[in-house]
Every structure is written in structure tokens, then in C-alpha cells.
Amino acid sequence: MDPVPLYSREPLTSADHADNEPSPLAPPLHTFRPGTRAIKLPLRVLVAHDYVGAAESLALGLSIKGVTTHVAVDGAEALACANRWRPHTCVLDNGMRKDDGCEIARRIREQKWIERPLLIALTGWTTEQNRRSAFEVGFDHYMTKPADPMTLVRILQSFLDSDRILRK
């Protein structure tokens, strides 16, 4: 039997979704054994970065924490995925080609699919003007590359604890 991938662009089953997107209601693909001290974050996170290796590496790290992830490699794909998949959180590279992370953040803020999704800017730009611009378009957090995975996990845990998302 082939191992189940930790994250996937493929649907869980062909019956779940004909449009080849992960189910918004699907449980995280990675599970933990009882008794481990792992933090489990039952969130849907969109990772958008035009460098595929960086995006997949970040998605893999998040999936190990129980996060269901989807990777987009440009702004247009990120916006289309966000509108279909409706993630709780979007980690957006501000330097993507086509539409950059700030433009995608602005467009996501216009959507009404959850009260207020958490938006995290991931960027190599470190000036105060870049930081201000990111917050003006609606980012909640600003992280410079390389991203510290534990800082990102703490941000996601805080978001989950804040009751900003609907729980079932």
C-alpha cells in the first residue's frame, strides 16, 4: 500500500470532489499517535509562493502539525484556490509574479466566506514601508524569510484559540 501524502493537491477520493481540490471539511491528512506531545492544529492553510520548493517545504512542516494545506505557485492560483477551498489562513509570498501577495490579500479581504481569515505575509522585503503596506492591505502578520516554523505554529495556535473561526 502506498503511503498517504502529508499534503496533496489531489482530492481525498474521486467521489469527494470532481474539481480536484481538497475538501474544506476533510480532516488533516497527518494524524498523531496518542500520548505524543505534538500540537495538532485543525486548520486549512493556503501556502502561496512562486518558488515551489519553499511552498512545499512550508506546507510539509505545517502538515506535520496536523494542518491541512494546499500549495499555490502564483497569485492567480492562490486567489482561485482561496475562493474555492476557503482556507482559515493564507500564508502569502509578497514577491510572487503575476499578482503579488499584497494584491491577493486585498482581494481575499473583499470575500465573505469566513468572518476574517488570518493572512500572513511571508517576504524577503524588510523595510518599514513594506511592512506598513502589508498591514494596510489587510495582513495580520508580517514574517520575513526564512520563516521560523515555530513562530508560524504559535501564530496559528493563537488564531485557533481566538475563536475567530467557526468550530463544529
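**Entry 1: helix 3**

I looked up helix 3 (residues 101-109) and found G101, C102, I104, A105, I108 and R109 buried; buried means under 20% relative accessible area, exposed over 50% and partly exposed in between, with a 1.4 Å probe and protein chains only. These residues cover an arc of only 160° around the axis, which puts them on the same side of helix 3; the arc is taken from the directions from the helix axis to the C-beta atoms. I note that this is a predicted model, in which local features need pLDDT of at least 70 and side-chain atom pairs count only at pLDDT 80 or more, while totals for chains, interfaces and linings use all residues. Residues are numbered from 1 along each chain as its sequence is written, and side-chain values use heavy atoms, with hydrogens and water left out. Helices (H or I, at least four residues) and strands (E, at least two) are DSSP runs numbered from the N terminus.

I then listed the packing partners of the buried residues of helix 3: helix 2 (75-85), strand 3 (89-93), strand 4 (118-123) and helix 4 (128-137). Contact here means heavy atoms within 4.5 Å. At the start of helix 3, I found a side-chain oxygen of D100 within 3.2 Å of the backbone nitrogen of C102.

I traced an open sheet of five strands in the order 2-1-3-4-5, with parallel pairing; two strands pair if DSSP finds at least two bridges between them. Strand 2 (68-72) and strand 5 (141-144) stand at the edges with a single partner strand each, so one side of each is left without a neighbour in the sheet. The twist averages 20° from one strand to the next.

Between strand 1 (residues 44-48) and strand 3, which run parallel, I recorded four bridges. V47 has V91 of strand 3 as its bridge partner.

Next I checked the helices on the sheet. Helix 3 touches strand 3 and strand 4, and its direction makes about 155° with that of strand 3. Helix 1 (residues 52-64) lies across strand 1, strand 2, strand 3 and strand 4, at about 175° to strand 2. Axes are lines fitted to C-alpha atoms, for helices over the stretch in contact, and angles run from 0 to 180 degrees between N-to-C directions.

**Entry 2: backbone exceptions**

Most residues other than glycine have a negative phi, and most peptide bonds are trans. I found that R86, although not a glycine, has a positive phi of about 55°. R86 lies in the loop between helix 2 and strand 3 and, at 42% relative accessibility, counts as partly exposed.

The peptide bond from K145 to P146 is cis, with omega near -5°. I located P146 in the loop between strand 5 and helix 5 (149-161).

Terms used: Polar contact = N/O pair within 3.5 Å; in protein donor to acceptor, adjacent residues only side chain to side chain.
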